[in-house]
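Here's a quick briefing to read alongside the model. Have the structure open and follow along topic by topic.

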Amino acid sequence: MTELTRSLAGLRSADEPWFGGKSTSLGELIANAINVPPGFAASTHAFDLFLKSDGLGERVATRMACVDPGDVAAVNRVAQEIALEMRRTPLPGALRAEVET
């Protein structure tokens, strides 16, 4: 699947491998006439594309490799560093174009 985004209204439980459980559950609610605010979901392909852009995935892997999972403080610190890296990394052009439309 190369689809990057899809409207929540267009998601069903069968799409879970590509869009995750939360998004597809919202799609099922919409399909059953339950009020859900409009929105969209990014696919796992979109996330993979994001990780490959600007070396983000390598930076995340490097930080994760140095963390002792038993050191809660270190895990928290590295998680915050990774979150900052993700916020600083621009969306790939194709994904940005879909999100902005």
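**Confidence first**

This is a predicted model, and its chain averages a pLDDT of 94, with 99% of the residues scoring at least 70. Helix H2 (residues 21–31) comes out highest, at a mean of 97, while helix H6 (residues 93–100) is lowest, at 90.

**The nonpolar core**

- Six residues make up the largest nonpolar core: Phe50, Leu56, Val60, Val67, Val78 and Ile82.
- Two helices, H4 (56–65) and H5 (72–88), each put at least two residues into this core.
- Val67 is worth a click: setting aside neighbours within four places in sequence, Val67 touches Ala74, Val75 and Val78.

**Helix H2 and its surroundings**

- Ser23, Thr24 and Gly27 are the buried residues to look for in H2.
- Look down the axis of H2 and its buried residues sit within an arc of 95°, so they line one face of the helix.
- What do the buried residues of H2 pack against? Their partners are helix H1 (16–19) and strand S2 (40–42).
- Ala33 follows H2 and has a positive phi, near 60°.

**Salt bridges**

- Across the whole structure, a search turns up 7 salt bridges.
- One of them pairs Arg6 with Asp15, with the closest N and O atoms 2.9 Å apart.
- Are the two partners buried or exposed? Arg6 is buried at 19% relative accessible area, and Asp15 is buried too, at 12%.

- Arg63 and Glu81 meet through their side chains in a salt bridge, 3.1 Å from N to O.
- Because Arg63 lies in helix H4 and Glu81 in helix H5, this pair ties together parts that are 18 residues apart in sequence.
- Arg63 is partly exposed, with a relative accessible area of 27%, and Glu81 is also partly exposed, at 27%.
- Arg63 has a second salt bridge, to Glu85, at 3.7 Å from N to O.
- Glu85 is in helix H5 and Arg63 in helix H4, so here the linked parts are 22 residues apart in sequence.
- Glu85 counts as buried, at 15% relative accessibility.

Methods
Residues numbered from 1 in each chain as written. Predicted model: local features only at pLDDT ≥ 70, side-chain atom pairs only at ≥ 80, totals over all residues. Heavy atoms only, no water. pLDDT = per-residue confidence, 0-100. Helix = DSSP H or I, 4+ residues; strand = E, 2+ residues; numbered from the N terminus. Core = buried A, V, L, I, M, F, W, Y, C linked by side-chain atoms within 4.5 Å. Buried < 20%, exposed > 50% of the residue type's maximum accessible area, 1.4 Å probe, protein only. Contact = heavy atoms within 4.5 Å. Arc of directions from axis to C-beta. Salt bridge = Lys/Arg side-chain N within 4 Å of Asp/Glu carboxyl O.
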